[in-house]
Amino acid sequence: MDRLLHHELRASLTALLAVAVSAVVVGLVRGFPAVRISDRSVQTFAGFLAIWALFTFLENTRIKWFGEVRDFDAATPLAPETVLPTEDFWHDRPVQPGFLLVLLVPALGMAFFFGPWICLAPLMVGLGWAAKAARVAHWERKYGRVLWRGRVGSSPWELSCSQAGPQTPARTATDAPPAD
């Protein structure tokens, strides 16, 4: 079982590392290309950024085919006696080495054969994963729950949730113990 926020952060950090490594390797092997900024390239970049922002906004809604928040709301609650993993994200595994190779090898291959700017391709998916991590963090904070992924081995993408912190007993106006 893996915390969904850590999973998305790990994927986005891996994509960012893949972009950095592939940019350095392509720059050292092929030379760093000159950057020409024209009106056309600025408009194209702004268009891609606007489309990305639109889809990110739609994923943050409860719209049936776009929104992911409905999936978070439908997460199955974990039993209170479930033992949750306690990992320190920054010290245990902030980057996935196998996934780094999956992102790095195609980016390098295409950058060597087609053009040096293709080495930035993992950045596009990494931004999507970072946006999903922000969505998950916002949802967890808003509802006081922690989202987990992979409770059942047969369905590794099933979402489940647990309470964010230890349960505090309910208080009454006179600080008397709550009635059972």
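By salt bridge I mean a side-chain nitrogen of Lys or Arg within 4 Å of a carboxyl oxygen of Asp or Glu. Asp2 and Arg10 are both buried. Buried means under 20% relative accessible area, exposed means over 50%, and partly exposed is in between, using a 1.4 Å probe and protein chains only.

Before I go on, a word about the model. It is a predicted one, where local features need pLDDT of at least 70, side-chain atom pairs count only at pLDDT 80 or more, and totals for chains, interfaces and linings use all residues. Residues are numbered from 1 along each chain as its sequence is written, and side-chain values use heavy atoms, with hydrogens and water left out.

Now the overall layout. The chain has six helices and four strands. Both kinds of element are DSSP runs numbered from the N terminus: helices are H or I with at least four residues, and strands are E with at least two.

Side chains of opposite charge can pair when their charged atoms come close. How many salt bridges does the rule count here? The count comes to seven.

One of them joins Lys132 to Glu8, with the closest N and O atoms 3.7 Å apart. Lys132 lies in helix α6 (residues 121–143) and Glu8 in helix α1 (residues 4–30), so this pair ties together parts that are 124 residues apart in sequence. Lys132 is buried, and so is Glu8.

Another salt bridge holds Arg135 and Glu68, whose closest N and O atoms are 2.9 Å apart. This pair, too, links distant parts of the chain: Arg135 sits in helix α6, while Glu68 is in the loop between α2 (39–59) and α3 (69–73), 67 residues away. Arg135 and Glu68 are both buried.

Which residues are linked in a network of salt bridges? They are Glu8, Glu59, Glu68, Lys132 and Arg135.

Next, how do the helices sit together? Two packed helices are described by the angle between their axes and the distance between the axes. For α1 and α6, the angle is about 155 degrees and the axes are 8 Å apart. The axes are lines fitted to C-alpha atoms, for helices over the stretch in contact, and angles run from 0 to 180 degrees between N-to-C directions. So α1 and α6 are roughly antiparallel to each other. The crossing of α1 and α6 is left-handed. A left-handed crossing has the near helix turned anticlockwise from the far one by less than a right angle, and a right-handed one has it turned clockwise.

Helix α6 also packs with α2, at an angle of about 30 degrees and with axes 11 Å apart. That pair is therefore roughly parallel, and the crossing of α2 and α6 is right-handed.

Leu16, Val35, Ile37, Val42, Phe45, Leu49, Trp52, Trp117, Leu120, Leu123 and Leu127 make a nonpolar surface patch of about 1,100 Å². Patches use residues with over 30% relative accessible area and no salt bridge; like charges are joined within 9 Å, and nonpolar side chains (Val, Leu, Ile, Met, Phe, Trp, Tyr) within 5 Å. The areas come from the Shrake-Rupley method with a 1.4 Å probe, and for residues only the protein chains shown count as cover. The elements giving two or more residues to the patch are α2 and α6, and α2 provides the largest share, four residues. Leu123 lies in helix α6, and at 33% relative accessibility Leu123 counts as partly exposed.

Finally, some pairs to find in the structure. Ala20, in helix α1, is partly exposed at 39%. Ala20 and Leu120 are 100 residues apart in sequence, yet their C-alpha atoms are 8.4 Å apart in space. Gly109 is in helix α5 (residues 97–113), and its C-alpha is 9.6 Å from that of Ser22, 87 residues away in sequence.

Notes
Angles under 35 degrees count as roughly parallel, over 145 as roughly antiparallel, 65 to 115 as roughly perpendicular and the rest as oblique.
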